[in-house]
Amino acid sequence: KFSAILREKRTRMTTPEALALANEANALFVDEDYDSALDLYTQAIEIAPQSADLLVARAAVHLKLDDFPAAIGDANKAIQLDSGNPKAYLRKGVACFNMEEYATAKGAFEKGLELDAGNNQFKTWLRKCNAELEDEMVGDDQAVAPVAPAAHAPATQAAPAPPPPKPVQRFRHDFIQNPTHVTVTVYIKGATKETCEVVFEKQSLSLDWAISPSDSWQLCFDPLFGEIVPGESVANFFGTKLEMKMKKAVQGKWDSLERKQDEKALDELSEEEVKRRRDYYPSSKAQGGEAKNWDKIVGEIPEDKPEGEEALNNFFQQIYGRGDPEIRRAMNKSFQESGGTVLSTNWGEVGSKKVEGTPPKGLEMKDWKDLHK
């Protein structure tokens with residue numbers, strides 16, 4: 001119990017200044033401005049060097065910048081400060097894997113899985129490590145001694161070295177939301193259910209895309225701004241994008257996709273704040289102003305009064321809608337028999353005889369059968 005209290009104290013040894021820098025760095029990280037995020041995380045760590053969380057966060061930036069040795073260094077320091085931090089082992093494992101240190105990576109992932117058994121990312125990375133280690137064993141078994149060339153055989157020219165692999169492209173993503181759902185769209189071409197592993201958890205979303213047998217790309221949002229319902233969240237694959245639709249556990253507006261360190265999740269807010277987020281749309285006023293209920297405002301806008309022919313048609317529609325069956329029959333009969341020139345509501349007048357058309361002044365009535373004569 002004492003070690004757990006000490007660990008929590010160490011990981012939270014941050015000052016308000018360091019926390020502000022970390023929050024700004026988090027926002028830059030989400031916007032994929034990794035160089036700026038790295039600079040701010042470094043400033044925050046200089047202020048609070050005993051914070052394991054800040055070191056873990058900076059390790060994630062090093063991974064994005066492909067600086068794997070630096071990521072391992074930050075992860076190791078975080079583990080020294082907090083040996084029970086599963087994210088530190090995840091960062092270390094990913095960095096070691098990318099440096100082809102598969103045995104070390106596997107050890108880190110196994111330790112992380114012990115600390116966070118419900119995190120499927122560790123299971124995915126362990127499968128990759130096992131596959132790589134098996135390939136290495138097969139390669140060692142198939143290795144044979146080189147055969148000496150024949151005495152008079154001409155010297156063969158060495159094969160050209162293969163070109164270096166291209167760096168993995170960073171794929172764009174964004175999100176939209178309504179009071180009940182939030183949808184994350186990742187613009188990746190050719191991704192399918194078979195090549196992607198999407199994991200919905202209460203407070204996180206992760207994507208692991210196997211681009212090829214030797215290449216993969218990961219995306220993770222942890223923690224999400226609010227809790228989701230994993231069983232009612234789905235992933236939809238299209239030709240050029242992947243949409244991950246998550247059901248919100250608590251209805252309301254999310255300020256961002258990921259929750260910052262000093263922000264409260266929806267389930268931690270007061271009832272009034274949750275209701276405000278659920279019932280109100282964002283205000284067009286500057287930040288700090290009161291939110292507007294746009295549904296109420298739309299209801300208060302007076303409707304334009306119809307004019308001219310539109311007003312006349314509305315008047316006739318009201319008469320027809322409020323009239324009794326005789327009035328409706330009179331209106332239908334007079335309008336049809338007169339070719340649309342007479343509209344009567346008196347059934348006693350038009351019910352017993354044919355209604356003759358009354359053309360406007362200066363025009364002549366003709367039967368449609370006589371039009372071509």
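Are F97 and Y102 buried or exposed? F97 is buried, and Y102 is buried as well, where buried means under 20% relative accessible area, exposed over 50% and partly exposed in between, with a 1.4 Å probe and protein chains only.

## Basis of the model

This is a predicted model, in which local features need pLDDT of at least 70 and side-chain atom pairs count only at pLDDT 80 or more, while totals for chains, interfaces and linings use all residues. Residues are numbered from 1 along each chain as its sequence is written, and side-chain values use heavy atoms, with hydrogens and water left out.

## Aromatic pairs

Rings of Phe, Tyr and Trp (its six-membered ring) pair if their centres lie within 6.5 Å, and planes under 30 degrees apart count as stacked, over 60 as edge-to-face and the rest as tilted; by this rule there are eight aromatic pairs. With ring centres 5.2 Å apart and planes at 65°, F97 and Y102 form an edge-to-face pair.

F97 also pairs edge-to-face with W125, the centres being 5.1 Å apart and the planes at 70°. This pair links distant parts of the chain, since F97 belongs to helix α6 and W125 to helix α8 (residues 120-142), 28 residues apart; helices are DSSP runs (H or I, at least four residues), as are strands (E, at least two), numbered from the N terminus. The relative accessibility of F97 is 14%, and the relative accessible area of W125 is 4%.

## The cluster and a nearby charge

F97, Y102, F109, F122 and W125 make up one aromatic cluster. K128 lies over the face of W125, at 4.3 Å from the ring centre, the rule being that NZ of Lys or CZ of Arg is within 6 Å of the ring centre and within 35 degrees of the ring normal.
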